[in-house]
Amino acid sequence: MKRIPVKFQGMSLMPMKQTKAHYLVKTGKAKFRYDRKLNLWYLKLLVEPSGFATQEITLGIDPGSTFDGFSILSKKYHHLNVELIQRPKKGKNSIKSFRFSNRTSKKLVPSVKADIDFRKWLITKLSNYYPITLIRVEDVKFNHYRDLVGNNRLSGVARGKSFSHVEVGKTYFYKWLIDSGYTLESTEGFKTKEARVRYLGWDTKSKDKGE
């Protein structure tokens, strides 16, 4: 049964079953509210809850050069999936149009900074509704040498260039997460692939991220 986020006086509490949420609204103890930017309904408690204890809630993040995937889970429930589209692959607003490789400054290029700021905004918004304690990120790594000397040299150059931009902001992003008080864990991509095969029977991840 679906759970709905719960807030009381600005605090995010454990999500509750919809049946209980509807009962609290019916008895005048809560109201439903809607966050337009997240397209998310939540429950605003009007009375003090029976307790403030929360279970561990994990935010999983799969960062990419074009798309980011976000999932919120507790031990027994999968609460939310969000796809964050950083830039379209084609057109005047594409990654290619906005990213440059001729900069020598140690500062983040504007497009990479914009991507990270978008992630920070979304994480902050989600934390307003879910008591997130742990963030697990799929670590971004790319073997540039292997692709440059391998058989797919040209495709390797293109893919490696995109991944370079993702790698640039990784340290900056990780530092922000830790400074913000989250517990951070990273998982290498091959381990998440192994998990998909182990639990689902095959690797469900498409090579075309646009799918």
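A strand, in the sense used here, is a run of at least two residues that DSSP assigns the letter E, and strands are numbered from the N terminus. Ser12 is found in one such run, strand β2. The model discussed in this report is a predicted one, and every value below was computed from it.

## The chain as a whole

The protein chain contains seven helices and nine strands. Of its 211 residues, 37% are buried, and its accessible surface comes to about 13,800 Å², with 53% of that surface belonging to carbon and sulfur atoms. When the contacts with a separation of 6 or more are considered, 57% of them are between residues 24 or more positions apart.

## Strand β1 and its partners

Strand β1 covers residues 3-8, and five of its six residues are buried, so the strand is largely enclosed by the rest of the structure. On one hand, β1 is joined by five bridges to strand β2, residues 11-17, and these two strands run antiparallel. Within this pairing, Arg3 has Lys17 of β2 as its bridge partner. The hairpin formed by β1 and β2 has two residues between the strands, and in this hairpin Gln9 takes a positive phi near 50°.

On the other hand, β1 also pairs with β4, in the parallel sense and over two bridges. Here the bridge partner of Val6 is Leu43 in β4.

## Strand β5 and its partners

The hairpin that joins β5 to β6 passes through four residues.

The bridge partners named so far are gathered in this table.

| Residue | Partner residue | Strand of the partner |
|---|---|---|
| Arg3 | Lys17 | β2 |
| Val6 | Leu43 | β4 |

## Aromatic rings

A pair of aromatic rings is described by the distance of the centres and the angle of the planes. A search of the whole structure finds six aromatic pairs. In one of these, the rings of Tyr42 and Tyr129 have centres 4.7 Å apart and planes at 45°, so this pair is tilted. Tyr42 belongs to strand β4, residues 40-45, whereas Tyr129 belongs to the loop between α3 (110-127) and β8 (132-139), so the pair ties together parts that are 87 residues apart in sequence. Both Tyr42 and Tyr129 are buried.

The rings of Trp176 and Tyr182 have their centres 6.5 Å apart, and because their planes are at 45°, this pair is also tilted. Trp176 and Tyr182 are both buried.

If its neighbours within four places in sequence are left aside, Ser12 is in contact with Val6, Lys7, Ser127, Asn128, Tyr129, Tyr130 and Pro131. A polar atom of the Ser12 side chain lies 3.4 Å from the backbone oxygen of Ser127. The C-alpha atoms of Ser12 and Thr54 are 9.3 Å apart in space, although the two residues are 42 residues apart in sequence.

Helix α3 holds Lys125 and Asp115. Is Lys125 buried or exposed? With a relative accessible area of 17%, Lys125 is buried. Not counting residues up to four places away in sequence, Lys125 touches Asp35 and Leu38. Asp115 likewise counts as buried, at 5% relative accessibility, and its C-alpha atom is separated by 9.3 Å from that of Thr66, a residue 49 residues away along the chain.

Note on methods: Residues numbered from 1 in each chain as written. Predicted model: local features only at pLDDT ≥ 70, side-chain atom pairs only at ≥ 80, totals over all residues. Heavy atoms only, no water. Phe/Tyr/Trp six-rings, centres within 6.5 Å; stacked < 30°, edge-to-face > 60°. Buried < 20%, exposed > 50% of the residue type's maximum accessible area, 1.4 Å probe, protein only. Contact = heavy atoms within 4.5 Å. Areas by Shrake-Rupley, 256 points an atom, 1.4 Å probe, with all protein chains shown as cover. Pairing = 2+ DSSP bridges. Polar contact = N/O pair within 3.5 Å; in protein donor to acceptor, adjacent residues only side chain to side chain.
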